[in-house]
Amino acid sequence: MADELDERKTKILNVIIETYLKTGEPVGSRTISKNTDLNLSSATIRNEMSDLEDLGYLESPHTSAGRIPTDRGYRFYVDNLIESKNAEMDDLKNLMVSKTERLENVLKNIVMYLAKNTQLPTMISAPSITKNRVKFIQLSAVSERQLLSVVVMEGNIVRNRMIEVNEDIDNQEILKLNMLLNTNLNGLTLQEINLGIIQKMKEMAGDRGDIIEDVLQNIADTITQDDLEIYTSGATNIFKYPELADSSKASEFLTRFEDKKDLQEIISDAQEDAKNKGTGLQVYIGDELPASSMKDCSIVTATYELGDGVKGTIGIIGPKRMDYAKVMDNLSSLRDKLEGTLKNKDSGGADGQS
């Protein structure tokens with residue numbers, strides 16, 4: 001597609017798209033002549049615009065003399081923008097995340113920051129867990145016959161589970177169980193926790209072998225959890241864009257956005273594309289999105305990684321005329337900050353209980 005356009009057409013197309021992103025109004029030849037150093041006559045510019053329209057990069061709305069980008073035009077612009085972006089973005093200084101915060105709080109902070117900074121609907125998924133290892137296990141007494149099992153996996157993924165016990169259990173027994181669990185399970189994947197290890201642990205736990213089974217189930221549920229946790233913010237920002245603020249369109253969009261099923265599909269596609277294309281930054285425009293309610297939108301996503309098999313996705317949703325450069329800068333910076341912060345978090349297990 002890119003080889004159809006020479007340097008002059010590319011420059012004119014970029015000016016049209018960047019102007020339209022700012023104004024939302026069709027762009028005419030006079031605007032292009034004022035905003036470029038091409039030194040071309042209006043007639044020449046109009047001819048180039050006509051060629052771009054014939055090639056499918058521009059279209060004329062109604063009877064306007066100006067042009068607006070098509071999905072193909074946006075795709076050309078975005079692909080070239082991605083290529084020009086430096087992989088190393090400056091760290092975002094305004095986002096300070098304490099190392100003692102839970103992962104959920106970090107993700108919520110990020111998605112709220114993005115919504116405020118971009119004035120667009122945003123989403124972020126908790127890391128999906130595959131090939132993940134046990135980092136820490138802690139049992140704590142809630143009552144004499146009830147325990148809280150906290151499992152912390154690589155990437156500081158935390159899952160809690162209440163365990164009912166048949167007989168009263170004291171603090172000394174709980175301490176021994178914690179030592180038994182951590183000594184035998186730390187650093188192992190689910191696949192590595194074989195029957196021999198399980199049997200040995202149950203024998204050492206004696207009458208408390210049922211607690212070992214419950215903790216192992218908690219580990220299995222943590223690793224094989226099917227429901228993808230997605231945090232969202234800024235949904236009503238969509239009303240700021242006239243092309244998306246139509247009552248029926250906006251209502252369907254908000255319903256889909258809060259339902260999150262379409263977001264799960266987008267995240268799944270983004271992570272698969274990131275794996276196949278070797279880059280964590282993806283852009284989906286118009287009909288490239290799975291939901292009809294989003295066909296007038298674009299979504300930019302960035303995949304972050306916290307360790308082997310631990311991945312999540314950040315996404316920003318907006319009109320096709322969104323400021324792609326700003327959105328990409330935000331996503332790239334936040335992804336780097338998130339990865340750097342969470343990979344360096346302290347391994348203390350007590351923080352995972354709250």
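Helices α1 (7-23) and α3 (residues 42-54) come within 10 Å of each other, computed between axes that cross at roughly 85°; α1 and α3 are therefore roughly perpendicular, a label given to angles of 65 to 115 degrees. The axes are lines fitted to C-alpha atoms, for helices over the stretch in contact, and angles run from 0 to 180 degrees between N-to-C directions. Helices (H or I, at least four residues) and strands (E, at least two) are DSSP runs numbered from the N terminus. The model is predicted, so that local features need pLDDT of at least 70 and side-chain atom pairs count only at pLDDT 80 or more, whereas totals for chains, interfaces and linings use all residues. Residues are numbered from 1 along each chain as its sequence is written, and side-chain values use heavy atoms, without hydrogens and water.

Contact (heavy atoms within 4.5 Å) involves R8, K9, I12, L13 and I16 of α1 and T44, E48, M49, D51 and L52 of α3. These residues comprise 5 nonpolar, 1 polar and 4 charged, where Ala, Val, Leu, Ile, Met, Phe, Trp, Tyr, Cys and Pro count as nonpolar, Asp, Glu, Lys and Arg as charged, and the others, Gly among them, as polar.

Helices α6 (residues 171-185) and α7 (residues 195-205) pack at about 165°, with axes 11 Å apart. They are therefore roughly antiparallel, the term for angles over 145 degrees. On the α6 side the contact is formed by L177, L180, L181, N184 and L185, and on the α7 side by I197, K200, M201, M204 and A205. By class, this contact has 8 nonpolar, 1 polar and 1 charged residue.

The second largest pocket has a volume of about 320 Å³. Of its 17 lining residues, Y20, I68, Y74, E243 and K320 are the closest to the centre. Elements giving two or more residues to this lining are α1, β2 (68-69) and α4 (71-84). A pocket is an open set of points on a 1 Å grid over the protein atoms alone, where a 1.4 Å probe fits, with protein on both sides within 12 Å along at least five of seven lines; lining residues have an atom within 4 Å of a point. Points are joined across faces, edges and corners, and the volume is the space filled by probe spheres set on them.

How values were computed
Parallel < 35°, antiparallel > 145°, perpendicular 65-115°, else oblique.
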